[in-house]
Structures are given as C-alpha cells and as structure tokens.
Amino acid sequence: MRIGNLEACPGEKKAGWIPVDGTPYRLPVTMICGGDGKTTLITAGVHSGEHVGVQAVMELAEELRPEDIGGTVILVPIVNVSGYGQRGTSMVWEDGKNLNREFPGNREGTTAEKICRTVTDVLFPAADYYIDLHSGDYFEELHPYVYYVGPVKEQVRAAAQAMAACVDTEYVVESQVTTGGAYNYASAAGIPSILLERGGRGLWSRAEVEADKADVRNVLHHLYGGAGMSDGMRTEEALHEAGKQTLLTDVRYIDAPCGGCWYPFFSAGDICEKSAVLGEIRDYFGNVIHICRAAERCVILYQTVSLNLPKGSPMVAYGVI
Ligand SMILES: [Zn+2]
C-alpha cells in the first residue's frame, strides 16, 4: 500500500507526512496495513477546534495493530493543520475558509482549497470507506450523533447506513448534502462515509475519547472482523434489537439573524415541542431583539453556548422528530 511518499507492506505500521503542495503545511498520516483487504480512511480535525476526534485518532493510530485489520487503515488526526496551529477558530488561518465547504478543493486555490485537494488527490483514491470525526466548535455544545449521506448510489448509501448503525449514538442523521464537505464529497464519489459528532466547546474528556474509539472499532469490526476490535463491541444487530437509534432526515440549521448576546433555554439533547422558545438574542442593554422558536417538535443536536453571537453564525441545529 502506497500513499504519497508513504509505503507499508502487510503486517506493517508506518507513520509520516504528506505535504500540502504550495503551502508550508503537511498532514500527519499513519498507515496500518494488515493485508490485501479494503482500505478505511479515518480523519479528525477537519475543524481544528474539535478535539475529541483528534485525540481519539492519535490513540487509535498507536493502538490498532496490523494483525487486527484484514486490510489497511489510514489515520489522519488533524486535517486543518493551519487552524490547529493558531487556535483561532476552526477555520483555515490564512483564508478563513471552512474546510468542510471546500471539497474537492483546488491545487491552484487558497490554503484551504489546497488542503482539500491534497485529501481528494492523495487519500480518497486509496479509500474504500471513510470515517470523519467531529465535535461542536469552541462555542458549541453538542449531543452525540452520526451522519451518512442519503442521495447517493444505493449501495453506497446502504453501506454507509450500516456503518452508522455500528455507532453508539442515540440519533442518526441522513444528510441530503452531496457537495462541499469531506464525507459528503467522498460519498458522492462512491466511498461509503460517515461523520461522527461527539463533544464540543474545545474540550475533550477521557470518556468521550473512549466512546469515539469504541465507535471506530465497532465500525472496523463490522467492515473487517478481527479479534482486536472487540473492545466495547456493539454489533449492528444488537443496536437494532435495542431500537437504540432514531433516524433523523430533517435537520434545521438556524443561523443568527442578527448579532448580540445569546441566551439558549435548552441543552443539546433536549426534546422541544413545536413553537417552544429555544433561546433569545438580546442587545447590550438587555433588550430582546430576536426570539428563536422551534418550527417543529425536535431534538437539539447542537447549539451555541457562548454569550457572543455574530450575525450569520450557527445559532442552533435541531432534528425534527
Ligand atoms: Zn466539525
């Protein structure tokens, strides 16, 4: 198995760097090659302020063994290496762009576009499956859930849905978006892909990292089998039997209609009735200048919890139930 300048033979684990051409950056990559089977790409830090997945992927790169995998696993703990190095926002430092809106990227473009193009050109061609780990941003709290993309080839959708069913989250979201995001683009290109959301506020806990790792191991177990994958095992059948996951197909992403101070009235994971007031925006004198209501009965998937709320920024995202 060869990726860029990295090469691993069956039974080997190799770590190294893939340069982002035309930038000072390079992506940290670990390849674990267990045999001739399929290849799974696992990334985190597409949004650099989302740290649970970053830590989980670093630990998985150390813990997974070639003999546990009937194929190859490629792990990239941080994709937005630019934003991570600056701790400014989750965006790329040089251009302020959101990597998860810029796929497939552009070799001649800005830094964000070049990072995306590197993933598209070097990593995606090797991948048969793709797992991308996210969280809420520095200013967001989030209830764990997992995405797959709906409107793609039926066998791709079905394979991704089966991967999502291995994940220990209460909610599964079928996204209708086939462009821009890493997993969205990969799905449309024929790679069964999921995006796992857990944690937020720039924090990471041991419990969240272990939960991310158990989810990834369960997906890998589903894809490859393997003795070393059984930690915290949750089979697809067990999940379905328990009726654990609720499928959401209608998620509303509400951006701030005006800037100000934000006061959410619920927490991520709460169920809200139709027309419930989810929060309000006040000006610096305490006057209410906007009231945000639920358009339908819903579950709050994530929301801003910082006091400051810039106009046009993500305010709350809820799934209609
Ligand atoms: Zn994210």
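Figure 1. The model is predicted; local features need pLDDT of at least 70, side-chain atom pairs count only at pLDDT 80 or more, and totals for chains, interfaces and linings use all residues. Residues are numbered from 1 along each chain as its sequence is written, and side-chain values use heavy atoms, without hydrogens and water. Arg217 forms a salt bridge with Glu63, with the closest N and O atoms 3.1 Å apart (salt bridge: a side-chain nitrogen of Lys or Arg within 4 Å of a carboxyl oxygen of Asp or Glu). Arg217 lies in helix α6 and Glu63 in helix α1, so the pair ties together parts 154 residues apart in sequence. Helices are DSSP runs of H or I, at least four residues; strands are runs of E, at least two; both are numbered from the N terminus. Glu63 is partly exposed, at 34%.

**Figure 2. The Arg206–Glu59 salt bridge.** The closest N and O atoms of Arg206 and Glu59 are 2.8 Å apart. Arg206 sits in helix α6 (residues 206-224) and Glu59 in helix α1, 147 residues apart. Glu59 is buried at 11% relative accessibility. Arg206 is partly exposed, at 40%.

Figure 3. The side chains of Lys213 and Glu210 meet in a salt bridge, 3.4 Å from N to O. Both residues lie in helix α6, three residues apart, about one turn of the helix. Lys213 is buried, at 4%; Glu210 is partly exposed, at 35%. A network of salt bridges links Glu59, Glu63, Arg206, Glu210, Lys213 and Arg217. The whole structure holds 18 salt bridges.

**Figure 4. Gln55 in helix α1.** Gln55 belongs to helix α1 (residues 51-63). Gln55 counts as buried, at 19% relative accessibility. Leaving out residues up to four places away in sequence, Gln55 touches Trp204, Arg206 and Val209 (contact: heavy atoms within 4.5 Å).

**Figure 5. The interface of domain 1 and domain 2.** The domain assignment gives domain 1 (2-248) and domain 2 (251-320); such bounds come from an automatic or database assignment. Eleven residues of domain 1 contact 18 residues of domain 2. The two domains bury about 1,200 Å² between them, 64% of it on carbon and sulfur atoms (buried area: accessible area, 1.4 Å probe, that two parts lose on being put together, summed over both). Phe139, Glu141 and Leu248 supply 46% of the area that domain 1 buries against domain 2, more than any other three residues.

Methods
Buried < 20%, exposed > 50% of the residue type's maximum accessible area, 1.4 Å probe, protein only.
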